[in-house]
Amino acid sequence: MCSRKPWRHTPDGFWIDDSHLGFGDMNLSLFMSRRLLKGENRKQISHGAVVISTAGIALGVAVMIITLSIVLGFQREVREKVVSFGSHVQLLNYNTYYRGDMHPIQVNGQLMGELSGIPGVASVSRFTAKSGVLKTDDAFQGVSFRGFDEHYDLSFLQHSLLEGQITEPFSSKKSTGRLYVSKRVAKQLKLEVGQKVYAYFFEERLRTRRFTIAGIYQSGLNDFDKSFVFCDYATVHQLLKFEQDQCSGAEIRLTDFSLADSVSNAIAMRMQSRLDAYGQGYASPSILRLYPGIFSWLNLLDINVIVIFSLMALVAGFSSVSGLLIIILERVQFIGVMKALGASNGVLRSIFSSYSFLIALRGILLGNAVGIGLCLLQDAFGLVRLNPEVYYVEAVPVLMYWPLILLMNVVVALLVFIALLLPTLQVSRIEPAKSIRFE
């Protein structure tokens with residue numbers, strides 16, 4: 001004849017097996033926490049506490065993911081635009097970098113090959129630069145003419161073009177007369193694609209060149225858009241009257257932005273004591289040194305992320321702790337019965353710890369679904385639009401950097417779990433004799 005197992009009925013409507021009431025029994029803790037979570041009655045106060053706790057954690061996680069993705073996306077967009085105007089590293093005349101006025105430097109094929117062989121370098125292209133004035137019948141605008149050779153990466157200019165097209169690379173051999181201006185310059189001078197415009201260069205005598213507007217671009221960086229126009233390397237080289245192997249400098253593009261300073265230093269070590277054929281020294285500043293204000297501002301955005309993360313962690317932790325305290329208070333009779341059946345404080349704390357972990361896990365998963373879902377929608381469709389003249393971009397940019405998102409989830413889970421351990425300490429203060437009569 002089979003002996004009956006020692007099942008007992010608790011006031012919460014659960015049948016439990018006394019034989020499982022061992023000290024530190026994780027199977028019991030997980031089993032009971034799941035039953036408590038599934039057995040929530042919508043009419044109970046604790047049900048609302050569970051909902052609030054879950055919502056608080058989900059809100060915190062979602063806001064963290066969205067904030068992190070937007071800040072990383074914004075930093076990437078602005079960084080790439082600045083790099084497109086100045087490359088990752090530039091090779092300049094020593095006097096150009098340290099005095100500010102433009103001086104020529106020798107960059108021949110041998111030197112370009114040497115620079116291309118440095119680890120991390122993707123491409124090397126020469127450029128020429130000269131200040132001038134664009135003038136129409138109604139207005140004029142001072143700009144910097146940047147001439148590029150056939151090695152110049154056209155992807156940024158092609159991506160930024162609003163009107164016109166790039167039919168062929170820039171040339172170091174011939175002057176085609178093509179000129180690419182920004183929307184801001186075109187609007188001020190009332191220029192259109194295909195229109196002829198005169199440029200004036202002031203030296204010992206006034207020099208004039210006629211260009212054809214081949215395209216109108218918009219980067220969103222106003223300080224750059226109002227200053228730079230693009231044309232052939234040969235055009236500006238003729239105006240500068242440099243020697244054949246001289247130029248204003250070389251743009252060095254890298255495979256990774258993080259290599260900018262290390263490659264800059266590596267080039268500086270190579271060129272430290274080297275002079276060109278005309279007795280000029282070299283300087284190799286990275287984009288971080290050429291535009292320190294912009295990148296310092298981008299780094300300040302990290303502080304915003306830290307502040308928002310801290311606030312959201314407090315929201316998630318407070319809602320979770322208050323919710324669990326309410327749940328424990330409503331389960332006083334359950335705790336008393338469990339203690340009367342022989343469950344220790346450690347076992348009960350383990351049950352409610354598992355219970356709180358399941359609530360936290362539900363909130364974290366929900367927060368990830370909402371945060372990642374909204375970010376993916378924004379990345380795919382650009383639903384939230386911005387004024388590029390104010391924010392530098394046309395739509396809110398997002399960058400889903402999965403290692404950081406995973407790390408953030410792990411940290412949030414640990415912080416919430418540690419915070420939820422504090423309310424479980426109240427379990428040890430509950431006495432069975434009083435709790436069973438508690439209403």
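The following legends describe close-up views of a predicted model.

Local features are reported only at pLDDT of at least 70 and side-chain atom pairs at pLDDT 80 or more, while totals for chains, interfaces and linings use all residues. Residues are numbered from 1 along each chain as its sequence is written, and side-chain values use heavy atoms, with hydrogens and water left out.

View 1. Strand β5, residues 121-135, includes Lys 130; strands (E, at least two residues) and helices (H or I, at least four) are DSSP runs numbered from the N terminus. With a relative accessible area of 15%, Lys 130 is buried (buried, under 20%; exposed, over 50%; partly exposed, in between; 1.4 Å probe, protein chains only). The side chains of Lys 130 and Glu 203 are joined by a polar contact of 2.9 Å (a pair of N or O atoms within 3.5 Å, one able to donate a hydrogen and the other to accept it; residues adjacent in sequence count only if both atoms are side-chain atoms). Beyond neighbours within four places in sequence, the contacts of Lys 130 (heavy atoms within 4.5 Å) include Phe 145, Phe 201 and Leu 240.

**View 2. The largest nonpolar core.** Among its 33 residues, Ile 327 and Phe 352 touch the most other members (a core is a set of buried Ala, Val, Leu, Ile, Met, Phe, Trp, Tyr and Cys residues joined through side-chain atoms within 4.5 Å). Helix α13 gives the most to this core, with 10 residues.

**View 3. Val 410 in helix α15.** Helix α15 holds Val 410, which is partly exposed at 43% relative accessibility. Val 410 and Ile 364 lie 46 residues apart in sequence and 9.7 Å apart in space, C-alpha to C-alpha.
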